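Let's take a friendly look at some charged pairs and a surface patch. Here is the chain to follow along with.

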Amino acid sequence: AEGPSFPPAHWEEGSGLRRKRAVLAVLLHFLETYKGLLQEEESAGKVIKELYLLIMKDTSLYHELEDEIIKLHQLVETVELKVADETPPPNKQVKPLFRHFRRIDSCLQTRVAFRGSDEIFCRVYMPDHSYVTIRSRLSASVQDILASVTEKLQYSEEQSARGDALILVTMASSGEKAVLQPSEECVFTTLGINSHLFACTRDTFDSLVPLPEEIQVVPGDTEIHRAEPEDVANHLTAFHWELFRCIHELEFVDYVFHGERGRRETANLELLLQRCSEVQHWVGTELLLCEGLGKRAHLLKKLIKIAAICKQNQDMLSFYAIVIGLNNAAVSRLRLTWEKLPGKFKNLFRKFENLTDPCRNHKTYREVLAKMKPPLIPFVPLILKDLTFLHEGSKTLLDGLVNVEKLHCIAEKVRTVRKYRSRPLCLELEASPAQLQTKAYVRQLRVIDNQNLLFELSYKLEPGSQ
């Protein structure tokens with residue numbers, strides 16, 4: 001048999017492009033053929049994920065390979081990943097929670113509303129940081145989750161009888177941990193940004209330590225340094241609109257009227273609240289991982305620009321979250337960074353601070369919001385604050401009769417949500433590879449939510465700032 005043939009040395013410069021096109025063709029054909037068989041387990045799609053990320057970073061070839069790359073993105077975005085031995089019924093799709101899996105294809109999918117009966121994939125970690133992936137109802141009780149974990153681990157009844165029964169623990173990146181009670185439900189959407197579920201015995205509880213930080217705590221450029229402020233802001237608005245329109249109006253009532261552990265159908269609202277917190281920490285994370293003073297000042301200016309464009313988009317959730325993030329004590333103490341900010345942007349940020357000032361019950365913000373016409377995304381935590389005030393300020397039952405006036409006030413407040421969403425959001429977002437890369441970045445933010453760690457980074461950058 002003849003040996004392998006190698007391309008001649010005098011191949012023209014375009015040969016590299018042809019080889020990349022050939023690799024893309026093979027990858028596209030593979031995805032088309034086997035997209036229904038790819039499994040949820042991390043290792044199954046590893047090669048495809050790595051190739052996809054490499055392709056998305058190869059900006060020099062975007063123009064020549066634009067058609068192939070867009071087709072690749074569409075395939076990766078729409079592929080349905082399933083577990084081979086636990087295929088759900090045809091009409092029952094398993095939905096990925098955006099905080100539990102940070103896969104490119106999951107984060108780029110359009111967000112859909114969750115119900116408690118929906119099934120999701122979830123990782124539950126062991127004390128040695130290995131994990132099992134289970135499929136569970138979103139509203140599953142801790143007892144149900146542990147039963148699935150036990151089955152996956154083939155945990156014997158003998159061990160359980162000896163008192164080695166598993167318990168479920170939430171573990172934050174700061175090391176704070178709490179044991180969940182067997183009857184507790186809907187725990188998935190109440191986890192912190194970088195919190196995880198651990199299964200362990202009571203004997204090993206004290207030895208639990210957090211997973212290594214999901215973000216590499218070393219200086220380095222991320223997509224925000226390359227992306228235009230308009231693109232980042234528009235993708236923030238588009239994603240938050242998807243999350244906001246998934247919330248049913250009754251979720252606001254359920255969230256306020258029932259205690260934290262009594263809520264049943266508030267998953268979409270809680271995911272949006274988590275995202276709001278995530279954006280706040282993202283601002284500090286990006287700034288505090290930027291070492292150069294000049295570069296950091298430029299990034300600060302860009303973030304203020306992004307906030308301004310979000311406000312222009314009537315995305316007050318993103319606007320508020322960015323301003324709160326810039327007011328984080330670990331960021332606001334960076335005196336040298338703020339001093340390098342151009343005067344125009346210093347004045348602009350002062351206006352933003354006035355707009356988000358809570359004085360007189362957020363009077364300035366409420367006046368601005370009242371002048372806006374739908375579609376708009378409000379600062380949702382303030383709606384919940386108002387509803388909580390209405391709920392706790394008067395009783396629902398007075399002398400055995402329903403307090404109709406209270407319920408009317410609550411209904412009127414909830415109706416504002418319907419008004420905000422009464423018109424569709426129309427943002428013109430290109431489907432170019434560069435835009436898709438920005439979209440992926442915005443939808444899978446990696447953040448440090450440990451305030452102590454943020455302060456450590458801040459003091460390393462500017463030890464003497466006050």
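## A pair across the chain

E462 and R296 join their side chains in a salt bridge at 3.2 Å, N to O; the term means a side-chain nitrogen of Lys or Arg within 4 Å of a carboxyl oxygen of Asp or Glu. This links distant parts of the chain, 166 residues apart: E462 is in the segment after α20 (451-461), and R296 is in helix α11 (residues 293-312). Helices here are DSSP runs (H or I, at least four residues), numbered from the N terminus. Both E462 and R296 are buried, where buried is under 20% relative accessible area, exposed is over 50% and partly exposed is in between (1.4 Å probe, protein chains only).

This is a predicted model, in which local features need pLDDT of at least 70, side-chain atom pairs count only at pLDDT 80 or more, and totals for chains, interfaces and linings use all residues. Residues are numbered from 1 along each chain as its sequence is written, and side-chain values use heavy atoms, leaving out hydrogens and water.

The whole structure holds 12 salt bridges. One of them pairs E249 with R418 at 2.8 Å, N to O, connecting helix α9 (residues 249-257) to helix α18 across 169 residues. E249 is buried at 17% relative accessibility, whereas R418 is partly exposed at 48%.

D386 and R366 also pair, with their closest N and O atoms 2.9 Å apart. D386 lies in helix α17 (residues 380-393) and R366 in helix α16 (residues 359-371), so the bridge ties together parts 20 residues apart in sequence. R366, D386 and K413 form a salt-bridge network.

Conventions: Helix = DSSP H or I, 4+ residues; strand = E, 2+ residues; numbered from the N terminus.
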